[in-house]
Amino acid sequence: MSEFSTRPVSDTPLRSDFGWRFAFAVAGAGFLTLLLAYAVVALLLQGTVLWGTNIPFVWGFDLINYVWWIGIANAASLFAVVLVLRKHGLRTSVNRFAEAAALAAVAAAAIYPILHLGRPWLFYWTFPYPATFQVWPNFRSTLVWDFWGIMSHVVVTGLFWYTGLIPDLGTMRDRAAAKGRRGVARIYGVVALGWRGSVRHWARHQAAYRIVAAMVLPMLVSAQTIVALEFATTLVPEWHQARVPLHIVATGIPSGLGVVLALAALLRGGLGLGHYIDDEDMHLLGKLTAAAALACGYVYAEGLLVALLEDQVTRQAIAARAFGAYAGLYWGGAVLVVLVPQLLWLPALRLRAIWVVPIGIGAAAGVWLDRFSLVTGGLLRDHLPRVGPLYAPTVPEWTLLAGSVGLFALLMLAFARFVPVVSMYETRHEESEADVP
Amino acid sequence: MTRPGPIGVIATFDDPDAMVAALRAAREAGWRRLDAYAPFPVPEAAALLGVNGARVAWIALAAGLFGAVLAYGTQWWLSVQAYPINIGGRPLHALPAFLPATTIVGILWAAAGALLGMLALNRLPRLHHPVFAAPGFGRASEDRFFVCLFTGDPGLGAWEARHLLNRHQPLSVAELEA
Amino acid sequence: MTPPDALPLPDPARRSVLRAAGASLALAAAAGCDGAPAEFGSPLYAPARGADAGPRSYATVLDLDGFGRGVMVHTRGGHAIKIEGNPRHPASLGATDIFLESAVLGLHDPARSRRLRRDGQALRDAGVFTTFLAEQRAALAARGGEGFRLVTGPIASPTQRRLIAALLAQWPGARWHVHAPLADAAAGVMLPLPDFARVRCVLALGADPLGPGPAQLAWARQWAEARRAGREAGRLPALLVAETSPCLTGAKADRLLPLPPAGIAALARAVAAELGVAAAAGATHPEARGLAAALRAAGPEALVLAGRGLPVEVHLLAQAMNAALGVELPAIPDPRAAPEAGTLAELAAEIDRVTHLLILDANPVFDAPADLDFSALLRRVPHSVHLGVQVDETALSCAWHLPLRHPLESWGDSRAFDGTAALRQPATRPLVEQAVAAEVVLARLAGIPGDDQALLRETWRAGWGEADFEARWLAALEEGVVADSAPAPQALRNDADMPTPAPVPQGLVAVFAPDPNLWDGRFASEAWLQELPRQLGQVAWGQAVLVAPQDARAAGLTDGAEVEIFISGRTLRAPMLVMPGQAPGAVTLPLGGGRRAAGGVPAGIGLDAYRLREAANPWVAEGVTLRATSGAAWEARLPDQAMAGDAPRVRRLAPGEAVPPLPPTRSLYPDWTYPGAAWGMAIDLDTCIGCNACVVACQAENNTPVVGPEEAARGRMMHWLRVDRVPTGPEEAPSVDFQPVPCMHCEKAPCEVVCPVNATVHDHEGLNLMVYPRCIGTRTCSNNCPYKVRKFNWAGYAREAGAVPVRNPDVPVRPRGVIEKCTYCQHRIKGAQDSARQEGRALRDGEIVTACQSACPTRAIHFGDINDPDSDVSRAKAEARNYALLGNLDTRPRTTYLARLVPGA
């Protein structure tokens, strides 16, 4: 076995200089995050009047972006979980940042349900605590389910990420100590909880890691389903369909995979980790994304075909969403999510960041269009005719979106800066097994 | 004032197989208080030491069930007993509506139970441990494998440990001070 | 045409409508404590003797076009907070319209005139004017009033007429001119008083008896009673309407003929010919035979009416047709008629002989015909004085402006459309210190002493005599009407010669029409009326030229585009609305918009059609061209409520038919029981005329904020009750239904289930409650409300200055970020329950009246306890016409509708 095989990974966070490109990226992400702060303060001071929402379009970018980020988080987590549970070889290279991407996406998503409220500072009223009102939350409400869903999503995704990270944090501690950086070693040591690599600990750690991974799986399905139920349990004809959860879960997958794929390509180039995220990994990821997109094609087709079986109101509502004022969003989403990722079946493309990154980001953007189409186009045809003008996002809403992208990027950059981006112990394990003749 | 004797002897290996062999020999020699350290999971070694993840799983299951019961019970009690109120003409006890939160809180407790159970069984966090003082132990998290035999049982002292470990061609052998 | 005179007014900034002085807030805050202040106690005030008006209501009268409508003013802590109708007054019958409802807003308008002004600049010291008045009066007296002219609107007030007569008698050289932009000379000086309750067939030739106007409330009530009697007798009255632009009467028509004015005249001739009117013999029209047959079948119970803006010939033909049918149509001489007074055109002709001009509560600079160029005329008058409640265009153009007392702050009197007199008493102390009463100014000029109350008493003392004056005075104040004051009706005489028909104009004509919300422009400063979507066209905060679909297609104009209108050398740019039901060949220009100085409302809202109007032909302009411009029109507009292929939201039944029952649904859930009272509402779509009074009444009652033009354009209006317009049938002549949509108070409320924090829940009487302090603003309830009656405070609208200028202390003001909606006037329910409990008795049916129900002129809204099978609402719901909107969703709404009856539906 090769000596010091994971040193480049562990030494990356210990580098003092990350180069101008990293600094530039941090500056960009930091600027966008400041925009987020600005947008949040403006929102708190002036309220939802800043948005383009109205009656009936009571939700705009708030819910669109929330559902979108949750989809990315879910798909990235789902991908990581499946790799862990199947002990797939790809997990060593992409798991860690798939988990990190999921966590950052959940963080970006979680700000929206709070900010979308008319009175965001009262969001904790959805939690059952003994308030002076003596009134409790309404547990029948999808929004209370959603409160538990988001909370569990953040916690369980975080647990999954952290559980896998503990041994590698021990490595970081030891490497920092070896380099004489006692302060840094102390910090890593604390968060590594005194991990010392005992084989007994490893046995229980592996069990716990796989259990948490197994828990993520139903959590993802139920959390995403709960988000979908916020739409599906309403009386709005286009939303009130049993297939909405399936649609949301299924279309979330290519967007999450697309983000992971784009990040993988960027990390290969940006941090020089080509050895850890090798060509084989890129091929596998690319094919997975293309396959998930194909599955979405089925879901889209089913969505239109099912209209033929529905009652008249629902049929008209589906037609209004696909061919009405927001038809561009619907078909733009379908093209970016279903058709464009099919290019990834071409092996040559999968290794070239210039193709992979736009396709991956495009899949995520396509799902964003799909969520936009759901939240707005789904309301075009209600039981009674529309009472207000159409929704169009305003500058403060775009600012909020840019800000949440900035937050996501900043968290990812911090992740690349402070923790090993590849699961080192898994890499060692894999390589030691490969050594066995 | 005399210093106390070593609390254990630790050997460094560069190969997991050598570590497992040393461990097996120590078990056969009757060592009860011993441990091995590796940069990645070595299930054979854990089996030799009689450890598996079953207890973590039981803790997670219990925590998950408790969380689910707690969630359902809270919803039922607060909706039906503490503050019954007519909401949209629906019954107070809304079984289907209570299930999503029940499920997801159960999952939350199970996941948290798995991590916390693992840490509790591993007696972690424990930031200081004598093995950290072993020379070169920093590489236990990279590419070195260690077997540590703790003294204290009758007839199993530092000399016996050193003798046993040296038979397995360790890179080095050292004594651990308390 | 020259652009309108530049006025020294600030530019309309964003949300400027709400940026107004904070005085109203102090008023609103003070309204919290009950009990009238001692300094204006009972000697001044006579609490109303009316039915259920409560101890702090005062009966008074408010004018529209010079005619009075009796109202009850509800006050709190000495502040007028709500207008209700006076059941004893013949022009109200207990109902209100949008203009009456908004009177409290005008009273508390922070932007109303507060200071004496000279050349437009406010003065602190009113003494200058007193000196000026004394000097000029002396000068005028010396020459017998030569050069003095008085301009007023139409006046039926006995006291004002007495004072003007005294003034003219004192100064023989003075002259009075009446300026009434909406008066129609062709209608004659006799006012017909039809009784719609007894009519079985009406032919309305351009007439809009159900539309806004001084007699609307009475006529609409009579019509509703005729419908009720007709439903019971199985013989519905027929309403046949020929109209140029869609109006409320046309919406309720059984037969609708959209025709340009010349077409209406031709139709009138042909129908008259069919009915045997000699003067019209030989005229034909394809529709005439059918209309004549329907009229003839009703015989003396038929009625032919001619409307505003039509040639004299049509009015005479209508009279002739009534005579031919044997209709006995009573009439009275118009109490406003003043043969001694001149017109504004006559004033213009003599302007160089005018030295002193007093303009009393009129705004000719804005609403005089464009060819008079009144503001230029005004500059040639050395001494001009304007009296008005608002600092309007005329106030800024006159040398002097005096703030006038609001009708709710002053004494006076008035006559209704049928001549019934009523006394006006102040319901509040004057809110503007410098404001004067019009009567006092007239009296001072005429050299008569006394304040407005003394002047009023003097008038009636002369009429009643000394003997029982005090008793009659108090009775008149308490009841809000002067008993037996209506003149005896006479038979309508028909001795004028029939003029020869005018040649039919070639090309497009433009018809001027009063705006349904702004009327002649005097209500443009009322934000409630600006924000109210117009019944037809659904436009708020703006106006549009109405164009027939055929004309729009022919000219290649698209709905909502900006057009340029050319009429005899004058042009105007305005947004255009393709209006189904508009007569082809005629465009309608609504009057009253485009005010340059309208108090707190931004300048330039709507289009100023007076700029295109000529004194010679004020109602119809010929030779009109429309041209599309590159500009984009801006206005707040609601989508029409037409939708094909649904279960009809407005049901129409043939007489005797029943609403088909829905397929039975079985709920998975057991029913909740409501053992005490269970509140419910039934809205009769057969009698709803879409007048919007309920919408404004709801806004006034529930402190619903005004959001302003920008927010309204984003679809964020806060009305708790909206009246949907539902057109059916062909675009050329659609049949329109109106459907008021308040909260349905569903028993299986979908909104409540989705609220995460229990901010909207049911109470024990089945009310769907909204707990504002608990609401965190997720807006999910609105998403799940199929009726979309929930409104969201996107901003803290109610706390913006001027948004809620007058505040009902019984209703909380909602903060930013919470949902609000109709409560069935829960505070009125609780209030009635409390007083019943205090008096130790059971609640009576009809004791609780919601604000919308109280305003409704046709009593289309029924409210009460549905657990009581004998209650009014239970009897309404027991009718075969009763149905639930979207009943197929099984939300079990407590608000239901009664289907419209259409023969042959």
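**Note on chains A, B and C of a predicted model**

1. In chain C, 74% of the contacts between residues at least 6 apart in sequence join residues at least 24 apart. Two residues are in contact if their C-beta atoms, placed from the backbone, lie within 7 Å. This is a predicted model, in which local features need pLDDT of at least 70 and side-chain atom pairs count only at pLDDT 80 or more, while totals for chains, interfaces and linings use all residues. Residues are numbered from 1 along each chain as its sequence is written, and chains are lettered from A and ligands numbered from 1 in the order in which they are written.

2. Chain C holds 26 helices and 39 strands. Helices (H or I, at least four residues) and strands (E, at least two) are DSSP runs, numbered from the N terminus. Of the 905 residues in chain C, 60% are buried; a buried residue has 20 or more other C-beta atoms within 10 Å of its own, C-beta atoms being placed from the backbone.

3. The C-alpha trace of chain C spans about 90 × 70 × 65 Å along its principal axes.

4. Chain B has 5 helices and 4 strands, in the sequence pattern β-α-β-α-α-α-β-α-β. The radius of gyration of chain B is 25 Å, well over the 16 Å from the globule rule for 178 residues, so chain B is more spread out than a compact globule. Its C-alpha trace spans about 80 × 40 × 30 Å along the principal axes, and 48% of the 178 residues are buried.

5. Chain B is divided into domain 1 (8-52 + 127-176) and domain 2 (54-121); the bounds come from an automatic or database domain assignment. The C-alpha centres of these two domains of chain B lie 43 Å apart. Among contacts in chain B between residues at least 6 apart in sequence, 79% join residues at least 24 apart.

6. In chain B, 4 strands form an open sheet in the order β2-β3-β1-β4, with antiparallel pairing. Strands pair if DSSP finds at least two bridges between them. β2 (34-37) and β4 (172-176) of chain B are at the edges with a single partner strand each, so one side of each has no neighbour in the sheet. From one strand to the next, the twist averages 20 degrees.

7. β2(B) and β3 (residues 145-150) of chain B run antiparallel and are joined by 4 bridges. B:D35 has B:C148 in β3(B) as its bridge partner. Helix α1 (residues 16-28) of chain B packs on the sheet and touches β1 (8-13), β2 and β3 of chain B; its direction makes about 15 degrees with that of β3(B). Axes are lines fitted to C-alpha atoms, for helices over the stretch in contact, and angles run from 0 to 180 degrees between N-to-C directions.

8. Between chains A and B, 54 residues of chain A are in contact with 59 residues of chain B. On the side of chain A that touches chain B, α7(A) gives the most, with 18 residues.

9. Between chains A and C, 37 residues of chain A are in contact with 38 residues of chain C. Helix α5 (residues 142-178) of chain A provides the largest share of the side of chain A that touches chain C, 4 residues.

Terms used. Rg over C-alpha atoms; globule rule 2.2 N^0.38 Å. Buried ≥ 20, exposed ≤ 12 C-beta atoms within 10 Å, placed from the backbone.
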